[in-house]
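Dear colleague,

Please find the structure we discussed below, with the sequence alongside.

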Amino acid sequence: MRLSSISRPRGAQQVSFRNTSSVSRILLEFRAAFVKDLRSYIRYPAWVAGDLVSTPLWFFLFAPGVVIFSPTGEGSSAQTTSFLYLGFLFVVLFSTILWGIGQSVRNEQMAGTLEQFLLAPANRMTLIIGRWARVFLTDGIIMGYTTLLISMVQGLPIVLLDPPLFLFSLMLFELGVIGLGLLFAGLTMRIKSYNTISNLVFFGYIILTGALFPIAIVPLPFRYVSMMIPFTYFIDLMRHAAIDTATILPETLEVATAMLLAVVMVLVGSFSFKRIERQARVLGSVAAS
Amino acid sequence: MQRTTTGVKATAAVLTAIFWKGLKYYLRYPGSFLLVIVTPFLFALLVLGMGQFVGSEDAASNFALRTGTTNILVYEILGSAVWMISWVVVEDLGVALRDEQMKGTLEQNFMAPVNRITLLVGLSLTCIVIISTVFFAVVGATVALIMPMELVRLMEAFLMLLIGLIPLLGIGFLLAGFVVRFKEPYIITQMVSLLFATLTGTYYPVTILPVWVQFFSYMLPQTYVIDGMRQIVLANRTLVELYGSIIALIVLSFVFPTLGYAAFKHFETKGSATGEFSKY
């Protein structure tokens with residue numbers, strides 16, 4: 001039987017491999033990766049419900065614990081709420097790297113589909129960025145819903161003083177997320193005890209980057225480490241844009257530094273991912289779970 | 001000769017077997033256990049760091065005004081430790097049966113000539129050992145470092161925890177049934193653990209919560225355990241003086257295990273009829 005005689009199933013799209021470097025092809029791959037991930041996500045309503053319930057609960061667990069340190073009568077000021085909310089936002093955004101992008105490769109590996117994923121005639125980066133886009137979308141929905149919930153419970157608005165700078169800093173942060181996410185996605189092909197490592201990285205991020213409190217509070221020797229982490233600058237800029245806190249560096253210099261670091265992170269991330277993938281193919285460790 | 005499966009000796013043998021099996025899982029993954037020990041410290045330090053920033057130089061006095069103590073770290077660590085202990089119980093008991101279900105060994109467990117109560121108690125024994133280790137590694141180490149003179153009070157605090165453990169294990173049984181029925185163990189245990197932490201005053205006194213929320217707080221054993229341990233370690237109160245909390249815990253010790261076992265039996269009966277046990 002000749003291959004050409006096999007009729008295409010109804011509804012199946014014709015796959016063309018021409019124009020492999022075109023923008024439309026990249027967009028097609030990106031869309032496919034995004035839709036695939038979205039479908040997988042909504043296939044398990046318990047996970048969606050879990051995200052919707054658990055995410056705001058993290059905020060409502062820690063917020064009162066912090067508010068009891070604030071001066072009496074000012075415990076629930078808009079400034080304090082916004083500060084706590086921002087910390088919460090930074091934590092949610094960063095978790096995309098570890099449990100969104102990084103975990104996705106590990107999940108494919110455990111399910112035994114990573115080889116198919118890597119054999120597909122598509123760009124690796126687009127596939128992983130598709131995953132990122134789905135997580136970014138669902139995180140955005142959860143954050144929006146949580147913001148409404150906080151405003152309803154506390155009766156206070158979330159302060160955002162400079163929206164353009166905030167959005168620009170958020171974009172830089174997300175570039176950093178993609179860069180580090182790619183690195184972690186690659187590492188999952190090598191490291192099997194992923195959960196323990198991701199938890200430790202998560203705590204390191206929270207303590208050292210000023211996600212939940214400014215790095216001025218971090219003891220001095222560790223503060224130097226903080227200043228070497230790109231996320232420290234993304235976070236600092238976002239907090240500055242939202243509630244007008246002082247920046248670590250002069251504002252213009254900090255914006256330039258953050259831009260440079262965001263680009264470097266994407267480059268380093270994609271280079272590392274490609275390199276680890278190549279090594280995994282040679283060692284045959286792609287499928288090892 | 002067929003061995004007897006009833007009597008004290010046989011029950012003890014079964015309990016020992018389940019206990020060792022549970023302990024072996026922990027010993028096999030030391031990294032995960034280390035995380036259980038480290039996490040209470042990390043969360044407590046996070047709250048402390050954020051609080052210091054929000055309250056600046058008056059942070060400690062503002063905290064003392066609302067909690068009645070200036071010993072912030074011990075206050076936070078006690079809450080953090082009980083939260084982590086509660087998470088361990090909820091996850092270990094809630095996920096244990098689901099794990100067996102996923103591996104396809106739940107039917108063998110249920111077909112073994114072993115009483116269900118013995119099975120659940122066996123799972124609880126491992127929990128008690130793990131919890132005791134967490135308590136002494138987290139609370140013991142903190143008290144020894146920060147207020148060594150109060151080390152003698154540690155046993156009373158531990159006793160308070162053990163009393164509170166009975167209703168907590170009952171909650172674990174309740175969840176075990178739910179998890180076998182609804183699958184998705186980690187989502188259920190995470191949601192429940194976070195809800196418990198928020199309601200039971202892990203990092204703050206429950207009195208700052210709205211009154212209608214406090215109603216739910218006082219239905220949970222962890223609320224009495226956290227408050228009782230703080231009173232014992234930080235305010236030099238004795239267990240006798242905390243009789244109100246002890247009575248509440250004793251009442252809950254009847255309510256939750258009874259409810260938990262009833263729910264577990266209900267799901268088991270239903271699962272036997274529908275063939276639910278072999279479903280992933």
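**Loop residues**

With 14 C-beta neighbours inside 10 Å, B:Glu241 counts as partly exposed; a residue is called buried if 20 or more other C-beta atoms lie within 10 Å of its own, exposed if 12 or fewer, and partly exposed in between, with the C-beta atoms placed from the backbone. B:Glu241 sits in the loop between α10 and α11 of chain B, where helices (H or I, at least four residues) and strands (E, at least two) are DSSP runs numbered from the N terminus. Its C-alpha atom is separated by 9.9 Å from that of B:Gly228, 13 residues apart along the chain.

Please note that this is a predicted model, in which local features need pLDDT of at least 70, side-chain atom pairs count only at pLDDT 80 or more, and totals for chains, interfaces and linings use all residues. Residues are numbered from 1 along each chain as its sequence is written, while chains are lettered from A and ligands numbered from 1 in the order in which they are written.

The loop that holds B:Glu241 also contains B:Asn236, between α10 (221-235) and α11 (243-274) of chain B. B:Asn236 is not a glycine, yet has a positive phi of about 55 degrees. B:Asn236 counts as exposed because it has 10 other C-beta atoms within 10 Å.

A:Asp244 is found in the loop between α9 (230-243) and α10 (251-283) of chain A. It has 12 C-beta neighbours inside 10 Å and is therefore exposed.

**Chain A**

Chain A contains 10 helices and zero strands. Of its 289 residues, 37% count as buried. Among the contacts in chain A with a separation of 6 or more, 79% are between residues 24 or more positions apart; two residues are in contact if their C-beta atoms, placed from the backbone, lie within 7 Å.

Helix α2 (residues 45-67) of chain A has 23 residues, which should span 33 Å at 1.5 Å a residue, and its end C-alpha atoms are 34 Å apart, which agrees. The expected span is 1.5 Å times one less than the number of residues in the helix. Buried residues of α2(A) include A:Thr55, A:Pro56, A:Phe59, A:Phe60 and A:Leu61.

Helix α6 (residues 116-146) of chain B has 31 residues and reaches 44 Å from its first C-alpha to its last, close to the 45 Å expected at 1.5 Å a residue. At B:Gly140, α6(B) bends by about 25 degrees, the bend being the angle between axes fitted to the seven residues ending there and the seven starting there.

B:Ala17 lies in helix α1 (residues 7-28) of chain B and is partly exposed, with 13 C-beta neighbours inside 10 Å. The C-alpha atoms of B:Ala17 and B:Gly122 are separated by 8.0 Å, although these residues are 105 residues apart along the chain.

The largest nonpolar core has 141 residues, of which B:Leu78, B:Ala81, B:Leu93, B:Leu175 and B:Met229 touch the most other members. Such a core is a set of buried Ala, Val, Leu, Ile, Met, Phe, Trp, Tyr and Cys residues joined through C-beta atoms within 7 Å. Helix α4 (residues 72-103) of chain B gives the most to this core, with 17 residues. Not counting residues up to four places away in sequence, B:Leu175 touches B:Val90, B:Leu93, B:Gly94, B:Ile188, B:Thr189 and B:Val192.

**The interface**

In the model, 32 residues of chain B are in contact with 30 residues of chain A. On the side of chain B that touches chain A, α2 (30-55), α3 (59-67) and α8 (185-199) of chain B each supply at least two residues. The largest share, 13 residues, comes from α2(B). This side of chain B divides into 18 nonpolar, 11 polar and three charged residues; Ala, Val, Leu, Ile, Met, Phe, Trp, Tyr, Cys and Pro count as nonpolar, Asp, Glu, Lys and Arg as charged, and the others, Gly among them, as polar.

**Confidence**

The model scores ipTM 0.82 and pTM 0.78. The mean pLDDT, the predictor's confidence in each residue from 0 to 100, is 84 for chain B, where 95% of residues reach 70 or more. For chain A the mean is 79, and 87% of residues reach 70 or more. Over residues 1-9 of chain A the pLDDT is below 50, and this stretch has one contact in the model beyond near neighbours in sequence.

With kind regards
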